[in-house]
Amino acid sequence: MNNPSRRRRRLSEHLVAYSFLGAGVLCFALFSWYPIVRGWLLGFQEVTFSQPATWVGWDNYRRLFADPLFVTAWKNTGYFTLLALVFGFAAPFLTAVVLNEFRHARSYLRMTVYLPVMLPPIVTMLLWRWFYDPGPGLFNNVLETFHLPAQQWLESENISMISLVLVSTWANMGTTTLIYLAALGSIPGEVYEAAELDGASIRQRLWHVTIPQMRFILMITLLLQIIGTMQVFIEPYVLTGGGPDDATVTVLLLLYRYAFVYNDFGMASAMSTVLFIVLGLFAAVYLRLTRGKG
Amino acid sequence: MVTISVNGMPPKTQPVDRKYFEDDVKAFEKEHPKIKIDAREGQMDPKTFSAKLAGGQLEDVYYVYFTDPAGLIQRRQGAAITDYVKNTPRVKDIKPEYLKVFTGPDGKLYGLPNGQYSLGLIYNRALFKKAGLDPDKPPTTWEGVRAAAKKITALGDGTVGYADYSKNNQGGWHFTSWVYSMGGDIAAQKDGKWKAAFDSKAGHDALQMLHDMRWTDNSMGTRQLLQIDDVQKMMGSGKLGMYMAGPDNIPTIVKQFEREYSEYGVAAMPGKATLGGGNGFMFNPKASPEKIEAGIEWVLWKYLNPDRTEFEDKRASGNDVPIGLPLDRLFNGAAETEQDRAHEKYANVPQENYEPFVERNALLDQKVEPPNAQQIYTVLDGVMQAVLTKKDADLDQLLVDASKKVDTILATVR
């Protein structure tokens, strides 16, 4: 039945498909893969852009690992990620569970939770800067009302990182909450009804029904959150500049300094390659998990 | 016919400055029929500079701050102009310390300065009066600053006596100026190699004074990790007594916060020396010799032209453009006198408020920024932050630790 006209028709059909595919691949190659490969190469070069780049071997990496701030930045980023998981992972889940229980004003509440995501990040930062201001700031005024000691929210080495995590959590939890709400909505109502009939309390329902049903989505958001929070930049950049005394210098902030303050693109690229490898590991786990479900 | 692209054109939000610039372009082109100017807004922005250079978009003549040339020269991102200006008498009239900023380790000249400032103290004259201080006699020593700051803070209602920066490399920049004023140095050359030099009595005295003002007197406010715009805002809202800045800060505060020039005075930096900064122009290393030649002609005509000062001042007077601030004293001898005469004739800002600055500033040592300034400032930001946010900061340890870090940065200076 494989007559030539049919084969031709199939080929022409495939040709259209391949040309669509080709355009996509070209776009990816040009705007995604080429910059990544170029970034790797830059990590082995001294770049001035006025003259051809010169190869310097592992020099940039050697200088990078010798910079005491490199270790500080990774430690700080790890600390931020850990804190972000404590606050940022639990908060949206609990909010979603609570919101899911509301029968009335549900869409209004969802919108309210999502509102901070819609604010431009710089507005969020400036707003929180006022919250944290040790003088006329909101938080210290509230503490004062309850006769509690004022805090140096951004100026204390001990709590500045926690302060940054709070901002980040507040600004980003709307999206995760909506994902959780959608997942909660997909749990069949009968399962809850059965649990209720068996006399399960709210806590038991949460523990034995909700969490097991959402295990997969929780794992995915956890990984996405790790990948996202390890790239924290705007919070320390705007609120603390990496201070006090380097307590909030993060990997991306240091990378930014190499590239745009010192104009050392070789070092910046080496740093971004290291970050790429670390994030790549998490991404690999994420891919593996989602592939199973695909 | 040669067309050169230049930046430094004022944005449209400054209509008066923009119009003057455009008029100047026309006048220049009329006088130089073989040169055409392709003018663009902006200046040297480290965020976009490399991309522009790599993509062939960098202007032939580009605006830089005094902190930029050393790094740009080291990375070969500016063209040498020594051969082009060797027969230009006006370049010889420029004060050598400002030409030095644009001179590479090879002794060649890589740019021309066009603006200059020395750091001093900007102060609120009304708060001085209210606190029982004489606004015509601002402090000349750091002890005097400390005493004045205490009195101003005592006015209450959230008033801060003295504020300083400690974020985004601006803390390091000001700490440098503190150390200079105390008679010390940030970096010094020994046997041809650069070493950190601020772990010294001057460095310690600077930190001690900052510490005492912040924690013993409580005259520096509670909010720290400040940068220039935060402090300008405090000054603009009438809640700040003094801060370290160049006289060029005054127009910014007056315009941005709708204040009057008469409200502010400038004092020279207390102590022995001050840090001088400024801006200038450098040339694209990929530009042709004709373009570089034309670019130099444009910079000399537009920005370094004492013959045009009187015309410019006359044109600007009465148009909300401040004339008579103690700035831009780039020339020596006759050229300087000529410019001073014009500024005095058309001054529209209260020059008597700047007398304390003008009189004492001339007696101070003028120092420029250390090599690899931005990297060093990142480290010194940490020193400023520690002193201003930790009451029990170990000052000596801070200096030792920071010195070690700065030594590694200075080891890369070529």
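I take contact to mean heavy atoms within 4.5 Å. Helices (H or I, at least four residues) and strands (E, at least two) are DSSP runs, numbered from the N terminus.

**Ground rules**

I am working on a predicted model, where local features need pLDDT of at least 70, side-chain atom pairs count only at pLDDT 80 or more, and totals for chains, interfaces and linings use all residues. Residues are numbered from 1 along each chain as its sequence is written, chains are lettered from A and ligands numbered from 1 in the order in which they are written, and side-chain values use heavy atoms, with hydrogens and water left out.

**Entry: helix α10 of chain B**

I looked up α10(B), residues 201-216. Buried means under 20% relative accessible area, exposed over 50%, and partly exposed in between (1.4 Å probe, protein chains only). Among the buried residues of this helix I noted G203(B), A206(B), L207(B), H211(B) and W215(B). What covers them? The cover includes α8 (142-153), β6, α9, α17 and α18 (395-410) of chain B. Just after α10(B), I found N218(B) with a positive phi of about 55 degrees.

**Entry: the domains of chain B**

Domain bounds come from an automatic or database domain assignment. For chain B the assignment gives domain 1 (2-117 + 277-354) and domain 2 (120-275 + 364-410). I read 29 Å between the centres of these two domains, taken over C-alpha atoms. In domain 1, 16 residues are in contact with 21 residues of domain 2. Buried area is the accessible area (1.4 Å probe) that two parts lose on being put together, summed over both. Between the two domains of chain B it is about 1500 Å², and carbon and sulfur atoms give 59% of that. On the domain 1 side, T67(B), Y117(B) and N353(B) lose the most area to domain 2, together 38% of what that side buries.

**Entry: the nonpolar cores**

A nonpolar core is a set of buried Ala, Val, Leu, Ile, Met, Phe, Trp, Tyr and Cys residues joined through side-chain atoms within 4.5 Å. The largest one has 80 residues. Which of them touch the most other members? I listed Y162(B), F175(B), W178(B) and F198(B). Helix α17 (residues 373-389) of chain B gives the most to this core, with 10 residues. Domain 1 and domain 2 of chain B both give residues to the core, so it lies between them. A second, separate core of 76 residues includes M230(A), I35(B), Y63(B) and I296(B).

I then followed F175(B). Leaving out residues up to four places away in sequence, its contacts include I186(B), F198(B), L380(B), M384(B) and L399(B).

**Entry: the four-stranded sheet**

In chain B, four strands form an open sheet in the order β6-β9-β5-β10, with mixed pairing. β6 (160-163) and β10 (264-268) stand at the edges with a single partner strand each, so one side of each is left without a neighbour in the sheet. The twist averages 20 degrees from one strand to the next. Axes here are lines fitted to C-alpha atoms, for helices over the stretch in contact, and angles run from 0 to 180 degrees between N-to-C directions. Helix α12 (residues 249-256) of chain B packs on the sheet, touching β5 (120-124), β9 and β10. Its direction makes about 165 degrees with that of β10(B).

Two strands pair if DSSP finds at least two bridges between them. β6(B) and β9(B) (residues 240-245) are parallel, over three bridges. Y162(B) has M242(B) as its bridge partner in β9(B).

**Entry: β3, β4 and β11 of chain B**

Four of the five residues of β3(B) (residues 61-65) are buried, so this strand is largely enclosed by the rest of the structure. Five bridges join β3(B) to β11(B) (residues 273-283), and the two run antiparallel. β4(B) (residues 111-118) has eight of its eight residues buried, so it too is largely enclosed. β4(B) and β11(B) pair antiparallel over seven bridges.

K286(B) lies in the loop between β11 and α13 (289-302) of chain B. I found it touching F49(A), S50(A), L53(B) and A54(B), not counting residues up to four places away in sequence.

Across the interface, 30 residues of chain A are in contact with 30 residues of chain B. The two chains bury about 2700 Å² between them, 47% of it on carbon and sulfur atoms. In chain A, F49(A), Y262(A) and N263(A) lose the most area to chain B, together 21% of what that side buries.
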